Amino acid sequence: MAADQVSTGTRAVESVRTTVGSLVSPASERQREIRRIVALCLPFSVLLLFSGVFPLTEMFRISFSESRLVTEGFTVEYYRAMVTDPYYRNIAFNTLWFAAATTVTSIAVAVPVAHALEKYALPAKSVILTVLSFPNSLPGIVAAFMIIILFGNTGILSNVFAFLSGQSRIDVAIATSVGGLFFAYIYSMIPRALLLLRGTYAEVNTDAEEAARVLGATPLQTFRYVTLPQIKPGLIGASILVFRTGLAIFGTVLILKGLLVWTLQIDRELAQGFNIAQASAMATVWFVFVFGFTVLMLRYTSAEVSI
Amino acid sequence: MSEVSLERVTKRFDSTVAVNDVSIDIDDGEVMGIVGPSGCGKTTALRLVAGFETPTDGTIRYDGDDVTHVPPENRNVGLVFQSYALFNNMSVLKNVTFGPKMHGVGKEERRERAHELLELLDIEELADRNPKTLSGGQQQRVGLARALAIEPHILLLDEPMTGLDAKLKQTLRQELGQLLDDLGVTTLYVTHDQEQAMSMCDRIAVMNEGHLEQIGTPAEIYEEPANEFVAGFIGTANLLDGTVRDGTLSLGFEDVDTPEAVASNGAVTVLVRPDDIPVGSGPIDVEVTNLFYQGEHIQATGELPDGRELTLRLDRSETAVGIGDTISIDFDPESLHIIESTR
């Protein structure tokens with residue numbers, strides 16, 4: 001037994017030595033390729049280790065801590081609370097339906113825009129693209145501020161609606177409601193969906209679409225039978241991207257409130273309840289859910305969306 | 001089937017005139033070819049007939065009806081693409097039944113029609129396959145079956161054999177020619193391959209830079225080209241400058257009787273095909289400058305006594321001829337064709 005362990009250990013050391021040796025002095029083209037891959041990925045791998053893997057591991061460990069502030073003991077109490085406490089279940093439900101609703105709406109709006117951009121010659125296309133991509137770099141807090149300007153108690157549109165309906169401005173202001181949050185969020189989600197969909201549209205076989213047209217299909221039928229199946233990977237990819245981003249909503253909801261979602265509650269656990277263990281448990285669940293969801297979705301599509 | 005006509009059709013894209021005042025009448029059941037070099041406007045002409053482009057000027061008619069502004073889905077046109085353009089999300093059978101389905105044909109009838117066409121094209125066994133799994137030749141047959149399934153007014157073939165290997169191209173050419181004859185479907189065949197057009201089409205329209213240069217039967221186009229472009233594009237041509245004076249054509253190194261009625265004396269361009277030049281005896285000496293073995297024959301280039309270049313066709317038996325040798329040739333007045341006055 002001991003001899004076997006020694007032998008296994010020796011083989012492992014030998015294997016590591018061989019790998020390192022081939023990286024230092026590669027003998028074949030394949031080994032030279034591996035060395036190049038390692039060199040190219042090394043900076044990111046180091047970053048991933050120290051700002052990704054290590055914090056996640058630490059967070060996972062804290063989530064089982066008996067103390068709310070320091071890491072000691074072992075308990076699953078914080079996970080149990082998320083399952084049994086209606087307060088957390090309600091937050092989970094809010095988070096999921098909000099992410100799903102923003103996903104469906106963003107995709108529904110982005111598909112026709114992508115279609116128009118990729119299928120037709122538009123004047124000033126580069127200007128249109130710049131305007132459409134602008135919200136991509138818009139911080140959630142700024143998007144929230146824009147909604148307040150439009151739909152807040154003294155917002156421009158609130159004033160218009162109040163004038164038209166005869167109600168008070170405060171009654172018609174929706175900036176801090178779920179509706180306001182929804183508008184603010186889909187505004188920044190549509191360009192993300194558009195980005196992926198435009199890439200997919202570029203690969204659509206236009207000859208096949210024209211074939212459908214001459215065979216008697218209307219433009220709508222052509223979209224349904226020919227275009228839609230071809231953009232399916234893009235649709236799934238965009239859905240994954242938008243849904244994941246929807247789950248991670250924070251800046252916008254921090255300003256507008258409107259809905260208590262998972263990330264906002266994590267912030268409250270940390271800032272108001274000083275409950276680091278509960279926040280870690282919530283963050284762990286969030287991470288596992290997003291990771292699992294992405295892996296599951298990618299299993300059924302060739303969508304090019306990274307985990 | 002129906003008659004299709006383009007009447008003085010022009011298509012401009014910004015400052016580019018892709019099709020310039022082109023008129024073509026395609027008779028019922030006729031196979032009309034459009035040939036020309038890349039960018040000559042032949043594909044635009046096809047797209048105008050299909051309805052993907054709207055003419056800037058002119059009219060397109062099917063059986064006398066103006067369809068100029070009718071969208072493609074209402075024209076009942078069968079189109080076979082160079083890229084096949086099959087629906088890869090559907091089986092072969094569903095590809096073929098797609099058109100009839102869009103035209104409101106019942107499920108049983110469209111399946112029956114599809115199976116008949118697949119059988120006719122000898123691809124019945126591929127009915128349940130995905131087009132992606134088929135060879136180029138098989139995909140092209142599926143594309144043809146799909147186009148014919150709607151019983152189109154006109155069948156449009158856009159470079160349908162580009163991308164296929166030479167042997168398959170030859171086989172498909174024969175089969176397609178036979179099929180179009182049998183079905184009697186009015187066809188517009190667009191290709192840059194003049195050989196394909198010559199062998200498959202009843203008439204050919206030669207286009208260049210948006211203009212229609214000549215329209216006629218393959219024999220007319222080959223034997224009596226309207227101008228230097230047509231002569232040079234269809235087949236191999238020797239174009240020689242000459243002068244006509246009182247019934248005599250002077251080529252500089254040789255005088256011959258004018259081969260046809262020439263209205264007036266003066267400078268002319270003369271076409272003589274390589275296969276119309278007898279080699280081995282004659283009054284004109286040509287120095288061979290290059291030889292190209294082409295399997296069935298040998299193509300030679302030679303220098304005439306006045307330094308001009310001439311293309312000749314040698315039998316395979318002439319293998320003794322080498323570069324630098326001098327061979328004798330003759331010009332038969334009957335094989336010379338005066339195609340245009342140069343001034």
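Guide: Let me begin with a definition: a residue is called buried if 20 or more other C-beta atoms lie within 10 Å of its own, exposed if 12 or fewer do, and partly exposed in between, with the C-beta atoms placed from the backbone. This is a predicted model, in which local features need pLDDT of at least 70 and side-chain atom pairs count only at pLDDT 80 or more, while totals for chains, interfaces and linings use all residues. Residues are numbered from 1 along each chain as its sequence is written, and chains are lettered from A and ligands numbered from 1 in the order in which they are written.

Visitor: Why is A:Ile266 called buried?

Guide: A:Ile266 has 20 other C-beta atoms within 10 Å, and the definition asks for 20 or more, so A:Ile266 counts as buried. Its place is in helix H13 (residues 262–271) of chain A, where a helix is a DSSP run of H or I with at least four residues, a strand is a run of E with at least two, and both are numbered from the N terminus.

Visitor: What makes a residue a contact of A:Ile266, and which residues are in contact with A:Ile266?

Guide: Two residues are in contact if their C-beta atoms, placed from the backbone, lie within 7 Å. Leaving aside neighbours within four places in sequence, A:Ile266 is in contact with A:Ala279, A:Met282 and A:Ala283. The C-alpha atoms of A:Ile266 and A:Ile276, which are ten residues apart along the chain, are separated by 8.9 Å.

Visitor: Why is B:Asp122 called exposed, and what is its phi?

Guide: B:Asp122 has 11 other C-beta atoms within 10 Å, and a residue with 12 or fewer is exposed, so B:Asp122 is placed in that class. Its phi is near 65 degrees, a positive value in a residue other than glycine, and B:Asp122 is found in the loop between helix H3 (107–120) and helix H4 (136–148) of chain B.

Visitor: Why does B:Glu151 count as partly exposed?

Guide: B:Glu151 has 15 C-beta neighbours inside 10 Å, a value between the two cut-offs, and therefore B:Glu151 counts as partly exposed. B:Glu151, too, has a positive phi, of about 50 degrees, although it is not a glycine, and it lies in the loop between H4 and strand S7 (154–158) of chain B.

Visitor: What makes a set of residues a nonpolar core, and how many residues has the largest?

Guide: A nonpolar core is a set of buried Ala, Val, Leu, Ile, Met, Phe, Trp, Tyr and Cys residues joined through C-beta atoms within 7 Å. The largest one has 96 residues, and those with the most contacts inside it are B:Val49, B:Leu156 and B:Leu188. A second, separate core of 49 residues includes A:Phe98, A:Ala99, A:Leu194 and A:Leu197.

Visitor: How do you know how confident the predictor is about chain A?

Guide: The pLDDT is the predictor's confidence in each residue, from 0 to 100. Chain A averages a pLDDT of 88, and 95% of the residues score at least 70.

Visitor: What makes up the side of chain A that touches chain B?

Guide: The contact takes 14 residues from chain A and 16 residues from chain B. H10(A) gives the most to the side of chain A that touches chain B, with six residues. By class, that side of chain A has seven nonpolar, four polar and three charged residues, where Ala, Val, Leu, Ile, Met, Phe, Trp, Tyr, Cys and Pro count as nonpolar, Asp, Glu, Lys and Arg as charged, and the others, Gly among them, as polar.

Visitor: Which domains is chain B divided into?

Guide: Chain B is divided into domain 1 (4–232) and domain 2 (236–341), with bounds that come from an automatic or database domain assignment. The C-alpha centres of domain 1 of chain B and domain 2 of chain B lie 38 Å apart. Their contact takes six residues from domain 1 of chain B and seven residues from domain 2 of chain B.
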